[in-house]
Amino acid sequence: MRATRIIYRRELGAYLRSPFAWVLSALLLLVAGVFFQAYALAGDMLSAIVLERYFFIMCGVAIAAGLLLSFRLISEERQTHSLILLNTSPIRDTEIVVGKFLAALTFLAILLVLSIYMPLLIKVNGKITSAQILVGYIGLFLVGSATLAIGTFASALANNQLIAGVVSLVIIILLLVMNLFGAKLDGVVRTVVMDLDLRRTHFDPSFQRGILNLKDIIFYLAMTYFFLLLAVKTMEAKRWQ
Amino acid sequence: MAMNSRTASPWWASLIFAVGLLFIFVSERLVTTSPDIRMAMTGFGLLVVLAITGARAWATFGSRGARRRVERVLLGFHLLTLAALLVYLFSTSWGQSLFGVSKESAPRWSGGLMAIYTVMFLCSTVPVLMVELSLGVALRDGFDVRSDTDDLSVEIFRVREMAWSGLTIALAASFLMATCGVAKERNAQRDVSYFKTSSPGESTKNVLLQSSEPIKVNLFFPEGSEVKTQIRGYFDTLAAATNKLEVYERDRLRDGQLAQKYKVAKEGIVVMSRGEGDAEKSFTFEVDTDIDKARRATGKLRNLDREVNALLMKLARDKRKAYITSGHGELNHPESVPSGVLVPVRRTTVLRKELGDLNYEVKDLTVADLSKDVPADAALVIVLRPTLLFTTQEFAALDRYLQKGGKLLYAIDPIGEQSMGPLEARIGVKAIPDGRLTDDLNHYVVRNNNTDRRYTGSTQYAAHATTTSMARDKIAFLIDAAALEDAPFGPGGQPTRTVVLRSLDSSYLDLNDNFEMDGAEKKQKWNLIYAVEGPKLDDKDGGKDGFRAMVFSDAELFADYDAMNARAANPVMYGRGMFKDVVKWLGGEESFVGEAVSEEDKAIHRTKGQDQKWFLLTMIGAPLVVLAVGLFFTLRRRSRGSKKELVTT
């Protein structure tokens, strides 16, 4: 636990000190702002619809942020040969993975909090509830968490940051189109495949609309746990090399 | 990951095993239309799986030492796969008939077995994958069954570790799948989107408080209906606030006589009644018993208060008649617009519906009728943007009507005839000719050019019964409005004149119709809506209250069309209840004014100024602030770090 805390603080400090993280944050906010103006505030401007569109946009932003923040987590250490220091210190792989993941998750949460002014603008001028905004942000946090876990796994798997990025992108894209695959299937396989969709099954019909579903929360937590477990096991396997 | 060890069996044995499994999966799950192909593919896949398992067994028993232990691990997992296939077989119709499973219990049987064989498949295939990844392919190109050499090259410890890792991942995946499955089946949901059954508004409470006798509410809903619970909650709140409401839950079949009396033929009916026996008056409305449908945007729950308010108005007093003039090219009668006069065609269906909700019967007041006189039963006369001047007889009829304490709603418009003839002296209000209200600062963005300046907004309401629903910050927007001013009163008692709405002081009257402020045009607050109340009538005229009149400088306020949101009616006049307040005040029912609560969504309207602020904030401001703050702290920290280094040096 202590080791996790140390890694967490070191990683979070690195994020906050790094211009990359701030440039990334500003860029993602800019992208969110552009889409907010061009898509959410276009056409029919009923406040609930604008908020739904906003969360639709932000879900994409959260996924992109999760991907960009995570792909370097472990592969960078490996590329710069500093992972060997971690491996030879009395720290377990679980502690390394969890510490790095939590730091990235904290930074992602900060990024999401920074975007709160957009739904607040809708709230001031429209007819939406604070709880609706809160539920949307819980969803964004969970989607971001799952994406970060996927990125962490890809980062543990690949020796190179670029490959890690590509691997996590491929996994995320696959999980984003599961609903389309599932629609072509029948029976139980259809249900299972559709249930694996990262967004259309678990975010769009619920968090995006201000509906809190226990099943969706559990899905994202399960995804996060599973990919972090995969990351840990991959790290362990890599030690055998 | 691979360590490239020598083993008794080649790497491709596991690959072929996987291909065999893939054949079985594809044939059983995806090829459902052709039984022959399915049978052939499943048979082939099964044969492959059995052959590889056999080869693995041969390799296991033929080798010794570490090699044998590696093979034994792999064989164990292959056997588990075979067991999973057997369980799958039991879940098919063949298996069900073998075990005598009835049709009723078949879904549970196959569902339970499916969970088992899925876990078994995962637990048998993932560890093999992990072990194969750890062993590598380079030195394992064929079967190499030996009992004496090379034992040291195979590290069974690593293989076992990998197998355990695989098993952990498989078990975790199984557990998580099961958890997600249970969560899906037993899902708990909380909807916090902007939906709730509307609560009783002030207007509804006021109407009920004025009622001389209690109102009975009978709810005909099925037992345990969630919609009933919502509606009951609304009426209980209203009953507690007014003490004038009796609420009963009825069963359509059990209370058959009552259902027959109120003609209730299905579930989801609310009956509101007043009085007993022959004097009883009742009205009903229907609510969908499906909670999902009832809570939709078009569902009744969001507008329950509005619905109840309208019914209470009907119960509280007899129907009145409202006359809308026609034949002068009015907004409500475009057919009478003279040829050559170009005016936008608008509808007034919402206006008529709102009047109906207020228990008014709406009738047209034709040229022929008005030339004689305003009908004696007219509780309200409405004039909406005439494009032709009324004749002397018509004006005289309207004037007589006002003298007798009549109620008049008059909406002029820059594109219509702005003169109100002798009524100007009676009411003390006239239009400023040739000017069109324009605002280059506070206007709505509709077409993104300077014509938008005619979509002016204002919040300058006076405290008056007609503006009760328009609480602070509710912006009235007008489309191409004129401006009004005081006119000298004619002989007779002095009426009370109130300017109900003024423009913002950034508005000007565009006299030359070029949308720009130039020449003699000036910015100031312009009068837009007047409410005038005449002096009390003499005793010989019955001692009644004097006339009431409202003059609007924009007839578009009463049209269905809404430039901001083409699907809805004017959000100020209808959406936020100003029209009802106006009609209630004109009808002497100001004690009923107030907003009926509606939980319908609201369109976001922004003036050009607000639009610019939003744009700057979302596109430039926030990202720039984040970047600046982040870089400031980053650079400050770095400079501190380098100073520290310098000091140390």
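Helix 12 of chain B passes helix 17 of chain B in a right-handed crossing. Keep in mind as you look that this is a predicted model. Helix 12 covers residues 349-357 of chain B and helix 17 covers residues 578-586 of chain B, and their axes come within 10 Å and cross at roughly 55 degrees. Helix 12 of chain B and helix 17 of chain B are therefore oblique to each other.

So who touches whom here? On the helix 12 side of chain B you'll find Leu351(B), Glu354(B), Leu355(B) and Asp357(B), and they meet Phe579(B), Lys580(B) and Val583(B) of helix 17 of chain B. Sorted by class, this contact has four nonpolar and three charged residues, with no polar ones.

Now try another pair in chain B. Helix 8 (residues 226-242) of chain B packs against helix 11 (residues 304-316) of chain B at an angle of about 55 degrees, with the axes 11 Å apart. That angle makes helix 8 of chain B oblique to helix 11 of chain B. The crossing of helix 8 of chain B with helix 11 of chain B is right-handed. Helix 8 of chain B brings Ile231(B), Tyr234(B), Phe235(B) and Leu238(B) to the meeting, while helix 11 of chain B brings Leu304(B), Asp305(B) and Val308(B). By class, that contact has six nonpolar residues, one charged residue and no polar ones.

Next, have a look at some loops in chain B. Asn359(B) is not a glycine, yet its phi is positive, at about 65 degrees. You can find Asn359(B) in the loop between helix 12 and strand 7 (360-365) of chain B. Asp480(B) also has a positive phi without being a glycine, and its value is near 55 degrees. Asp480(B) sits in the loop between strand 14 (476-479) and strand 15 (484-486) of chain B.

Ser503(B) is another loop residue, placed between strand 16 (496-502) and strand 17 (507-510) of chain B. Leaving out residues up to four places away in sequence, Ser503(B) touches Leu437(B), Ser458(B), Gln460(B), Gln524(B), Lys525(B), Trp526(B) and Leu528(B). Leu478(B) is 25 residues away from Ser503(B) along the chain, and their C-alpha atoms are separated by 9.6 Å.

| Residue | Relative accessibility | Class |
|---|---|---|
| Ser503(B) | 1% | buried |
| Asn359(B) | 5% | buried |
| Asp480(B) | 16% | buried |

Finally, over to chain A. Its secondary structure comes to 12 helices and one strand. Of the 241 residues in chain A, 59% are buried. Among contacts in chain A with a separation of 6 or more, 71% come from residues 24 or more positions apart.

One helix to pick out is helix 3 (residues 47-70) of chain A. How far should helix 3 of chain A span? At 1.5 Å a residue, its 24 residues should span 34 Å, and the end C-alpha atoms are 34 Å apart, so the two values agree. Helix 3 of chain A is also mostly covered, since 18 of its 24 residues are buried.

How values were computed: Residues are numbered from 1 along each chain as its sequence is written. Chains are lettered from A and ligands numbered from 1 in the order in which they are written. This is a predicted model: local features need pLDDT of at least 70, side-chain atom pairs count only at pLDDT 80 or more; totals for chains, interfaces and linings use all residues. Side-chain values use heavy atoms; hydrogens and water are left out. Axes are lines fitted to C-alpha atoms, for helices over the stretch in contact, and angles run from 0 to 180 degrees between N-to-C directions. Helices (H or I, at least four residues) and strands (E, at least two) are DSSP runs, numbered from the N terminus. Angles under 35 degrees count as roughly parallel, over 145 as roughly antiparallel, 65 to 115 as roughly perpendicular and the rest as oblique. A crossing is left-handed if the near helix is turned anticlockwise from the far one by less than a right angle, and right-handed if clockwise. Contact means heavy atoms within 4.5 Å. Ala, Val, Leu, Ile, Met, Phe, Trp, Tyr, Cys and Pro count as nonpolar, Asp, Glu, Lys and Arg as charged, and the others, Gly among them, as polar. The expected span of a helix is 1.5 Å times one less than its number of residues. Buried means under 20% relative accessible area, exposed over 50%, partly exposed in between (1.4 Å probe, protein chains only).
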